[in-house]
Amino acid sequence: MVRAPKGMSEEVIRRAVEAKKLWLYQKVNHEHKYPTRQQRKEFVSGETVLYLGRKYRLQVSDEDVAGVAFRSHFVISRKNQPQAARLFCQWYLERAQERIARRAKYFAEAMGVNYNRVLISDLRVRWSSCTPKSNLNFNWHIMKAPASVIDYLVVHELAHLLEANHTPRFWNVVSVQVPQVEWAKEWLRRNGGVLEVDF
Ligand SMILES: [Zn+2]
């Protein structure tokens, strides 16, 4: 819809829209501005899939591939296409289990804290949480985020073992381990929607 002053000729309006066409297209399709308009994945060749903050191309192949293969791009078998969302979910869960367990161990040592277990699930409501029994819970969708954002979430939950609330002391503990904490929080604010909705 175009709003224009009363009496302006259609020709002038048409020319104005035409002249601004590229700019309009960029605004409407800007991924930061309209994260929730992202379409759900169809898992067809050429589609991109987010992993550690980067987009990788998906190839649907006639070869026999067990689950999801990752070789500088993603590959799935054509016969697995109908269950692609489940296979990708499984793939991210396994990657999350490995990376987050490793990073939690590393940061727990650096911070001098002890946790019980790392649990990866489909929390839906939150990226991460820390339970009274010192279990660290993470949403597998965070594997789509850059590595430093994942580190921030791991450190955030570990810091709750020292400080229950988001006090200045809490943020101080976090930023000692993750200096780019503000950037990570901003990244989640801007991209959080995309992480959840695409599949
Ligand atoms: Zn918190």
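Predicted model: local features only at pLDDT ≥ 70, side-chain atom pairs only at ≥ 80, totals over all residues.
Val118 stands opposite Leu136 in strand S7. Residues are numbered from 1 along each chain as its sequence is written, and side-chain values use heavy atoms, with hydrogens and water left out.

Start with the strands around Val118. Strand S5 covers residues 118–121, and S5 and S7 pair in the parallel sense over four bridges. Two strands count as paired if DSSP finds at least two bridges between them. Strands themselves are DSSP runs of E with at least two residues; helices are runs of H or I with at least four; both are numbered from the N terminus. Ile120 stands opposite Phe138 in S7.

Strand S6 (residues 128–130) also pairs with S7, in the antiparallel sense and over three bridges. Here Ser129 stands opposite Asn137 in S7. S6 and S7 form a hairpin with five residues between the strands. In that hairpin, Ser134 takes a positive phi near 65°.

Angles are taken between axes, which are lines fitted to C-alpha atoms, for helices over the stretch in contact; they run from 0 to 180 degrees between N-to-C directions.

A contact means heavy atoms within 4.5 Å.

Which way do the residues of S7 point? Leu136 and Phe138 point one way from strand S7 (residues 136–139), and Asn137 and Asn139 point the other way. All of them are buried. Buried means under 20% relative accessible area, exposed means over 50%, and partly exposed lies in between, with a 1.4 Å probe and protein chains only.

Now move to the other sheet. It is an open sheet of four strands in the order S1-S2-S4-S3, again with mixed pairing. Strand S1 (48–51) and strand S3 (69–70) stand at the edges with a single partner strand each, so one side of each has no neighbour in the sheet. Inside the sheet, strand S2 (residues 54–61) runs parallel to strand S4 (residues 74–77), and four bridges join them. Leu58 stands opposite Phe74 in S4. H3 (residues 84–111) lies across S1, S2, S3 and S4, running at about 20° to S1.

Next comes the metal. What coordinates the zinc ion? His156, His160 and His166 do, each through NE2, at 2.0 Å. Donors are N, O and S atoms within 2.8 Å of the metal (3.2 Å for Na, K and Ca); water is not among the atoms, so sites may look incomplete. Along the chain the donors follow the spacing H-x3-H-x5-H.

Leaving out residues up to four places away in sequence, His160 touches Cys130, Asn165, His166 and Phe170.

Phe170 leads on to helix H5 (residues 168–177), whose buried residues are Phe170, Val173 and Val174. These cover an arc of only 95° around the axis, so they sit on the same side of H5. The arc is that of the directions from the helix axis to the C-beta atoms. The face turned away from the buried side carries the exposed residues Pro168 and Val176.

Finally, step back to the whole chain. The protein chain has six helices and seven strands. From the N terminus on, its elements run α-α-β-β-β-β-α-β-β-β-α-α-α. The radius of gyration is 22 Å, well over the 16 Å that the globule rule gives for 199 residues, so the chain is more spread out than a compact globule. That radius is taken over C-alpha atoms, and the rule is 2.2 Å times the number of residues to the power 0.38. The C-alpha atoms fill a box of roughly 70 × 50 × 25 Å along the principal axes. Of the 199 residues, 41% count as buried.
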